[in-house]
Amino acid sequence: MAAFNLTPFDPSTFILMGIPDLEAAHVWISIPFTMFYIMGLFGNVMVLFVVGNEKTLHKPMYLLLCMLALTDIGMSTCVMPKTLLIFWFNMKDIIVAGCLTQMFFFQAISIMHSGVLVTMAFDRYVAICNPLRYATILTNARIAKLGLVGVIRAVLFMLPPPLLLSRQPFCSNRVIPHTYCDHMAVAKMSCGDITVNRMYGLVLAFVVIGSDLTLIALSYGLIIRALLRISSKKAHQKAFSTCTAHIFVILMSYPPGLFSILTHRFSQGIAPHVHIIMANLYFVTPPMLNPIVYGVYTKELRDKVGKYMCRM
């Protein structure tokens, strides 16, 4: 399997090396990643198809599930096709503009994904603490507006990093020891001062993730406070079952993302291949598991999916 005849010193090209020290095992490593990616695409497309075709599911909660599915598809598809081309065909070259474009989209979609999780936490808060006003507080139109706000926020926050890097002079050695164009991995290829890039990326990560996690914690804090005022065990169980899927998705999304961000800046003692494998798992594991989690814990969705599967 031959690579394109481009050298690492082509001024318009970067070389993505894949997983350092494990190049000989790329084909074998690609097997689980391919399976996870295909399963994630199938599960999320199925959610979009079922919700789109079932008018009874045209509710705020299921619109949020569709938003989550779209961000899951976007995150994995920004990264995995190129990663698999590296694993299968040794196609390691990527033009600088393509690299910066990939960086912008997967980081922006990651912020959109976080925004959707915050909105879902608010949705659960309203459903449990203000059930009688749920239909008036969270309408489909309001959910769509919140989604638009999330898109605008992501674009505004994630435009500066690629724009800053596009102005940087890059060294003759353009070999990136990664499978995709991570912000700091590309920044380290620069011969110029990347202090602004380092600080912006770190501050942005803590501001966005920190504020989003704070809002999620606040929502669940108010939910717990409301439940403590209710003595009914049945009400407690119903509230817990309502929130379980969302809690699982949060636990699958934030810790791997934070691990990937922090290890690129404070990676002493962590083998590069461990970091890169974990970073790639972040893009395929949550998208694969999220539809399964919501399918298991959301009876109405599970029944509708089962109906379509039986027809197929």
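In the predicted model, helix 9 is the main contributor to the lining of the second largest pocket, to which it gives 3 residues. Two or more lining residues come from each of helix 2, helix 3, helix 9, helix 10 and helix 11 (299-311). By residue class, the lining of the second largest pocket comprises 7 nonpolar, 3 polar and 4 charged residues.

The largest pocket has a volume of about 510 Å³. A total of 24 residues line this pocket, with Gly115, Val116, Thr119, Leu146 and Gly150 nearest its centre. Helix 2 (60-89), helix 3, helix 5 (140-158) and helix 8 are the elements that give two or more residues to this lining. Helix 3 gives the most, with 8 residues. The lining of the largest pocket divides into 15 nonpolar, 7 polar and 2 charged residues.

The structure contains 3 cavities of 30 Å³ or more, and the volume of the largest cavity is about 530 Å³. The largest cavity is lined by 28 residues, of which Gln107, Ser110, Ile209, Gly257 and Ile261 are the closest to its centre. At least two lining residues are supplied by each of helix 3 (96-129), helix 7 (183-187), helix 8 (195-228), helix 9 (233-265) and helix 10 (272-297). Helix 9 gives the most to the lining of the largest cavity, with 8 residues, and it is likewise the element that gives the most to the lining of the second largest pocket. The lining of the largest cavity is made up of 16 nonpolar, 10 polar and 2 charged residues.

The structure also includes an open sheet of 3 strands, in the order 2-1-3 and with mixed pairing. Strand 2 (93-95) and strand 3 (175-176) are the edge strands; each has a single partner strand, so one side of each lacks a neighbour in the sheet. Strand 1 (residues 13-16) and strand 2 run antiparallel and are joined by 3 bridges. Within this pair of strands, phenylalanine 14 stands opposite isoleucine 94 of strand 2. Helix 3 packs on the sheet and touches strand 1, strand 2 and strand 3. The direction of helix 3 makes about 85° with that of strand 2.

A search of the whole structure returned 2 disulfides. One of them joins cysteine 99 to cysteine 181, with an S to S distance of 2.0 Å. The link of cysteine 99 and cysteine 181 is left-handed, with -120° about the S-S bond. Cysteine 99 lies in helix 3, whereas cysteine 181 lies in the loop between strand 3 and helix 7. The two cysteines are 82 residues apart, and the pair thus links distant parts of the chain.

Technical notes. Residues numbered from 1 in each chain as written. Predicted model: local features only at pLDDT ≥ 70, side-chain atom pairs only at ≥ 80, totals over all residues. Heavy atoms only, no water. 1 Å grid on protein atoms, 1.4 Å probe; cavity = no way out; pocket = protein on both sides within 12 Å on 5 of 7 lines; lining within 4 Å. Points joined across faces, edges and corners; volume = space filled by probe spheres on them. Helix = DSSP H or I, 4+ residues; strand = E, 2+ residues; numbered from the N terminus. Nonpolar A, V, L, I, M, F, W, Y, C, P; charged D, E, K, R; others polar. Pairing = 2+ DSSP bridges. Contact = heavy atoms within 4.5 Å. Axes fitted to C-alpha atoms, helices over the stretch in contact; angles between N-to-C directions. Disulfide = S-S within 2.5 Å.
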